[in-house]
Amino acid sequence: MPVAIHETAWRPFASNCKAVSLILGLLLLSYPRPTQSAVPAAGAELNRLRISIPGLGSSSYPLTWRKKGLLRSEGYDVELIPMAGGLAVKTLMAGEVNLTAAGTVVAIIQGAKLRLVMAFIRQLPYDLVAAPEIKRVEDLRGKKVAVADRGSVTFFVARSILQGHGLEPDRDVTILNTGRPDVRYQALMMGTVQAVVANFDGTGLLEPKGFHSVAKAGKYGKGFAGSLSVMQDLLDRRPDEVVKLLRATLKGTRAYLQLRDEAIKITSEWTKITPANAAKVHDIMSTGPLATDGFLDRETMEAVIADAREVTGVKRTVRADEVFDFRLLQRVNEELQDWRP
């Protein structure tokens with residue numbers, strides 16, 4: 001069973017419009033709305049660019065370089081807003097943020113007018129991290145495992161690992177939806193659950209506290225982690241604006257890999273892991289997972305779509321170009337062919 005990255009399942013607004021509107025209003029009350037156009041006029045102040053992200057971690061590393069001025073040089077004052085993945089997608093569709101780093105594949109095949117325009121990590125950077133008494137995956141029978149939510153990459157990772165060891169989610173193991181990574185890790189540390197799906201950073205955070213990895217996601221399927229998605233309308237009407245976003249983010253990806261010491265400092269401060277663990281994550285990323293061009297191969301895209309169709313019950317064939325649009329990314333890669341941080 002291939003494992004796909006769609007950091008959260010999305011549900012259409014029609015069934016719970018009032019509830020969603022209330023949640024968005026309460027969460028975003030203190031934030032100004034994004035500007036209609038992020039293209040600054042000559043001499044104008046920087047435009048606010050608001051990006052929803054599903055949590056602090058390696059899947060959003062290319063965006064952490066906002067402090068280095070890569071997005072500022074494109075005319076943006078960037079604000080990253082961590083929130084549960086499903087809400088991250090809904091805020092984009094509601095116009096409360098300009099783009100999202102949360103997964104959008106499920107939403108798109110259900111009809112959301114979005115496109116995924118860049119990917120960050122071409123592998124699944126996740127471990128099934130367990131309490132000390134859990135020595136192997138089979139020991140989780142009758143126990144609890146925390147994931148982000150149904151339809152998320154963490155759910156698919158957990159399901160594939162468990163099934164690979166003869167366990168069925170919801171029958172042999174209780175799956176708890178806990179939202180953001182930090183909430184999952186806290187649940188493990190408090191003993192509420194006996195295992196969690198953790199990204200590279202989470203594994204680095206939890207291991208010094210006595211927890212350990214019992215399985216790595218990459219051995220159980222294909223997928224990707226981290227991405228940029230925009231509304232189709234922005235892609236159609238203001239492609240040059242999307243190019244600016246892609247250019248700055250792609251520079252951030254390459255800066256992370258090439259400026260090792262600075263990358264370790266920035267990411268350890270951001271994710272609250274030790275510099276030593278941040279260095280381990282950097283070494284893993286440097287072996288190939290981080291997509292320096294932002295592209296995905298055809299096999300990965302098809303695996304992701306297959307998983308999204310399964311979780312949503314969508315029967316029709318879904319083409320890759322209905323979900324992914326890398327045309328502008330190709331243009332940016334050509335432009336940055338000789339760029340160095």
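Is Asp283 buried, partly exposed or exposed, and what is its relative accessible area? Asp283 is partly exposed, at 39%. The close-ups below come from a predicted model.

**Figure 1. Arg260 and Asp283 form a salt bridge.** The N to O distance is 3.1 Å. Arg260 lies in helix α9 (residues 260-271), and Asp283 in helix α10 (residues 275-285). The pair links distant parts of the chain, 23 residues apart. Arg260 has a relative accessible area of 34%, so it counts as partly exposed.

**Figure 2. A salt bridge joins Arg141 to Asp172.** N and O sit 3.2 Å apart. Both partners are in loops: Arg141 between β5 (126-130) and β6 (144-147), Asp172 between α4 (153-164) and β7 (174-177). The two residues are 31 residues apart. Arg141 is partly exposed, at 48% relative accessibility. Asp172 is buried, at 12%.

**Figure 3. Glu322 meets Arg316 in a salt bridge.** The N to O distance is 3.0 Å. Glu322 has 17% relative accessibility and therefore counts as buried. Arg316, at 40%, is partly exposed.

**Figure 4. Salt bridges link Arg48, Arg50, Asp77 and Glu79 in a network.** The salt-bridge count for the model comes to 22.

**Figure 5. Strand β4 pairs with strand β10.** Strand β4 covers residues 114-121. Eight of its eight residues are buried. Strand β10 spans residues 225-231 and runs antiparallel to β4. Six bridges join the two strands. Ile121 has Ala225 as its bridge partner in β10. In a regular strand, side chains alternate between the two faces of the sheet.

Notes. Residues numbered from 1 in each chain as written. Predicted model: local features only at pLDDT ≥ 70, side-chain atom pairs only at ≥ 80, totals over all residues. Heavy atoms only, no water. Buried < 20%, exposed > 50% of the residue type's maximum accessible area, 1.4 Å probe, protein only. Helix = DSSP H or I, 4+ residues; strand = E, 2+ residues; numbered from the N terminus. Pairing = 2+ DSSP bridges. Salt bridge = Lys/Arg side-chain N within 4 Å of Asp/Glu carboxyl O.
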